[in-house]
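Colleague: I'm new to reading models like this one. Could you pick one spot, take a close look at it, and then work outwards from there?

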Amino acid sequence: KSIGGSSSLVAMSRVPPPGILQRTADLLRKRVKNVSLERPASEELFDFGHAEHRAQWLVSSDKSIGGSSSCSLADGEDGKHLLFHGHLSTLLPANSRVKQSGFCLARSKIQAGTLFGKHRWDLSHYNGLEFVLRGDGRTYVANLQTDGLQTDDLFQAFIYTRGGPHWQRVQIPFADFLLTNMGYVQNEQIMLNTKAITSIGLLLADKVDGDFSLELACIRAVNMRKLLSNMSVDEPTL
């Protein structure tokens, strides 16, 4: 026996989620644009001068395991940048089996998917990442998460910042990112799948207690002329 109105319910269930058609169209346009005999010079992944790009990031810290570190995101200078700041503490949680603590993390949110499935950046047309940032002299870690089997797997590379008022253009080849799990470099390394990147992040875990501040202007995928990490202190054009 049929249930009254069942056909309309089936029709409603087939309506795509809000925004998915637009995201799919945007993805198709990007793929068509990348079909070229010449490799594109760069691709803007995040321009933090736009509020919608700043809103796509979130933070976490060792408070999730009972630690005492704290961090947050704010608008940077003139509201044109993303400011990742807080206080790092290596104090161990009381009455806990945790043996080490002290990390703060900022990362991009997993973005909504398209009709093709989960959102992934296909950066296979490029050979590295570029961060335009202003640091505090501390050592940070760039994180890349891919659509892999192990959700705790990350590809990581160091970012060395200088203190003071100057901006840096930091370029890191994809080949420099090492596979890690729960913070430990894995003995068996695999190639970073640049066709399936789902999140980009920045980690502070240098075991130095105190305040920190890292300001970001943009993150780009780039084609580097020399596949060597470049922590340039020349002030880039913003």
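Modeller: Let's start with K207, which is exposed because its relative accessible area is 65%. Exposed means over 50% of that area, buried means under 20%, and partly exposed is in between, using a 1.4 Å probe and protein chains only. K207 sits in the loop between β12 (197–204) and β13 (210–222). Helices (H or I, at least four residues) and strands (E, at least two) are DSSP runs, numbered from the N terminus. The backbone of K207 has a phi near 65°, a positive value in a residue other than glycine.

A quick word on the ground rules. This is a predicted model, so local features need a pLDDT of at least 70 and side-chain atom pairs count only at pLDDT 80 or more, while totals for chains, interfaces and linings use all residues. Residues are numbered from 1 along each chain as its sequence is written, and side-chain values use heavy atoms, with hydrogens and water left out.

You'll find M182 in the loop between β10 (178–181) and β11 (184–185), and at 59% relative accessibility it counts as exposed.

E130 lies in strand β6 and R220 in strand β13, so the pair ties together parts that are 90 residues apart in sequence. A salt bridge here is a side-chain nitrogen of Lys or Arg within 4 Å of a carboxyl oxygen of Asp or Glu. Both E130 and R220 are buried. They also belong to a network of salt bridges that links E44, E130, R169 and R220.

E215 forms a salt bridge with R134, with the closest N and O atoms 3.0 Å apart. E215 is in strand β13 and R134 in strand β6, so this pair ties together parts 81 residues apart in sequence. E215 counts as buried at 8% relative accessibility, and R134 is buried with a relative accessible area of 15%.

The search of the whole structure finds eight salt bridges. Another of them joins the side chains of D147 and R120, at 2.7 Å from N to O. D147 lies in the loop between β7 (139–146) and β8 (153–160) and R120 in the loop between β5 and β6 (128–134), so parts 27 residues apart in sequence are tied together. Here D147 is partly exposed at 29% relative accessibility, and R120 is partly exposed at 35%.

Next, the nonpolar core, meaning a set of buried Ala, Val, Leu, Ile, Met, Phe, Trp, Tyr and Cys residues joined through side-chain atoms within 4.5 Å. The largest one has 37 residues, and F131, F177 and I200 touch the most other members. Its largest share, five residues, comes from β13. Leaving aside neighbours within four places in sequence, F131 is in contact (heavy atoms within 4.5 Å) with residues including A142, I200, L202 and I219.

Strand β5 (residues 104–108) pairs with β12 in the antiparallel sense over four bridges; two strands pair if DSSP finds at least two bridges between them. The open sheet has seven strands in the order β2-β5-β12-β7-β8-β10-β11, with antiparallel pairing. β2 (57–61) and β11 stand at the edges with a single partner strand each, so one side of each has no neighbour in the sheet.

Last stop, the rings. There are seven aromatic pairs. The rings of F46 and W121 have centres 5.6 Å apart and planes at 75°, so they are edge-to-face. Rings of Phe, Tyr and Trp (its six-membered ring) pair if their centres lie within 6.5 Å; planes under 30 degrees apart count as stacked, over 60 as edge-to-face and the rest as tilted. F46 is buried at 0% relative accessibility, and W121 is buried with 6%. Together with F48 and W57, they form one aromatic cluster.
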